[in-house]
Amino acid sequence: MRYIPQVSFNSTDWSTRHSVLTTARRTAALINALADECPDPTDVADVLRAYGESDPIDLTPRDVAGMRAAAALLRQVFAAEHADEAAATLNRLLDDHTGPLRLTSHGGSTPWHPHLDHDDNAPWDEWLLASSCMALTVLVWDRQRPPGRICASTSCHNVFIAQGSGPERRYCSRRCATRERVAAHRHSHSTEQKKDTY
């Protein structure tokens, strides 16, 4: 399974567990976990738990296959180079795959919050696509740029949420950034050595 950052929540703080940014980070973690050819339902359920979903989470291979298809569609948002491209992709996904915006409290078991899936018992793939589209849409709206990126490392295809005020991130993790810097240094060093031999 791909790298999944550890998430820590105060279990009584519902708003933190289900914030827009947390939902967007969950989206990225699920896209990465579902990128494998045959993701293990247990591993996918572990990602859901890490991001505040409560048990029981009983995913079947069919559920995971549907979620994998939804993740492939969502990956297109992370591939967008500009806000216009991210917005166009999200508009298409919202138009093709979500229901009307509605508020739900899941029968009084949670605070009121927005949903774009068709009902509270929607299949996992519909829920993933709808909740992810909503969070990513808010990030594009708020920041006026794509909400995330695909890692620039040639040996990694993970997606990540790009946020903050510093320079724009190119890599999903420090590990990937370091690996690419070391590879670039070795390449330039070997090129210099070849020049010296001629």
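Me: What covers the buried residues of helix 4?

Reply: The cover includes helix 2, helix 3, helix 5, helix 6, strand 3 (148–150) and strand 4. This is a predicted model. The buried residues of helix 4 are Val 64, Gly 66, Met 67, Ala 70, Ala 71, Leu 74, Val 77 and Phe 78.

Me: How many residues does helix 4 have, and how far does it reach from its first C-alpha to its last?

Reply: Helix 4 has 19 residues and spans 27 Å between its end C-alpha atoms, close to the 27 Å expected at 1.5 Å a residue. Helix 2 can be read likewise: it has 14 residues and its end-to-end reach of 20 Å is close to the expected 20 Å.

Me: How many residues of helix 2 are buried?

Reply: Eleven of its 14 residues are buried, so helix 2 is largely enclosed by the rest of the structure. The buried set consists of Thr 22, Thr 23, Ala 24, Arg 26, Thr 27, Ala 28, Ala 29, Leu 30, Ile 31, Asn 32 and Ala 33. For the protein as a whole, buried residues make up 41% of the 198 residues.

Me: How many helices and strands are there, and in what order do the elements run?

Reply: The protein has seven helices and four strands. Read from the N terminus, the order is α-α-α-α-α-β-β-α-β-β-α.

Me: How many residues are in the largest nonpolar core, and which have the most contacts inside it?

Reply: The general idea comes first. In soluble globular proteins, nonpolar side chains tend to be buried together. Here the largest nonpolar core holds 40 residues, and those with the most contacts inside it are Leu 30, Leu 34, Leu 59, Met 67, Leu 74, Leu 128 and Leu 136. Two or more core residues come from each of helix 2 (20–33), helix 3 (41–50), helix 4 (61–79), helix 5 (83–97), helix 6 (124–143) and strand 4 (159–161). Helix 6 gives the most, with ten residues. A second, separate core has eight residues, including Ala 162, Tyr 171, Cys 172 and Cys 176.

Me: Which residues is Leu 74 in contact with, leaving aside its neighbours within four places in sequence?

Reply: With those neighbours left aside, Leu 74 is in contact with Thr 27, Ile 31, Leu 93, Leu 128, Leu 129, Ser 132, Cys 133 and Leu 136. Leu 74 is itself one of the buried residues of helix 4.

Me: Is Met 134 buried or exposed?

Reply: Met 134 counts as buried because its relative accessibility is 18%, and the cut-off for buried is under 20%. Met 134 is found in helix 6. Not counting residues up to four places away in sequence, Met 134 touches Leu 101, Pro 114, His 115 and Leu 116.

Me: What is the volume of the largest pocket, and which residues lie nearest its centre?

Reply: Rolling a probe the size of a water molecule over the atoms shows where empty space is left. In this model the largest pocket has a volume of about 800 Å³. Its lining has 31 residues, of which His 18, Glu 53, His 106, His 115 and Trp 127 lie nearest the centre. Helix 1 (14–17), helix 2, strand 2 (113–115) and helix 6 each give two or more residues to the lining. Helix 6 gives the most, with six residues. By class, the lining divides into twelve nonpolar, twelve polar and seven charged residues.

Me: What is the phi of His 106, and where does His 106 lie?

Reply: Most residues other than glycine have a negative phi, and most peptide bonds are trans. His 106 has a positive phi, near 50°, and is not a glycine. This residue sits in the loop between strand 1 (102–104) and strand 2. His 106 is partly exposed, with a relative accessible area of 27%. Gln 144 also has a positive phi, about 55°, and is found in the loop between helix 6 and strand 3. Gln 144 counts as exposed because its relative accessibility is 58%.

Me: Which residues does a cis peptide bond join?

Reply: The cis bond joins Asp 55 and Pro 56, with omega about 5°. Pro 56 lies in the loop between helix 3 and helix 4.

Key
Residues numbered from 1 in each chain as written. Predicted model: local features only at pLDDT ≥ 70, side-chain atom pairs only at ≥ 80, totals over all residues. Heavy atoms only, no water. Core = buried A, V, L, I, M, F, W, Y, C linked by side-chain atoms within 4.5 Å. Buried < 20%, exposed > 50% of the residue type's maximum accessible area, 1.4 Å probe, protein only. Contact = heavy atoms within 4.5 Å. 1 Å grid on protein atoms, 1.4 Å probe; cavity = no way out; pocket = protein on both sides within 12 Å on 5 of 7 lines; lining within 4 Å. Points joined across faces, edges and corners; volume = space filled by probe spheres on them. Nonpolar A, V, L, I, M, F, W, Y, C, P; charged D, E, K, R; others polar. Expected span 1.5 Å × (residues − 1).
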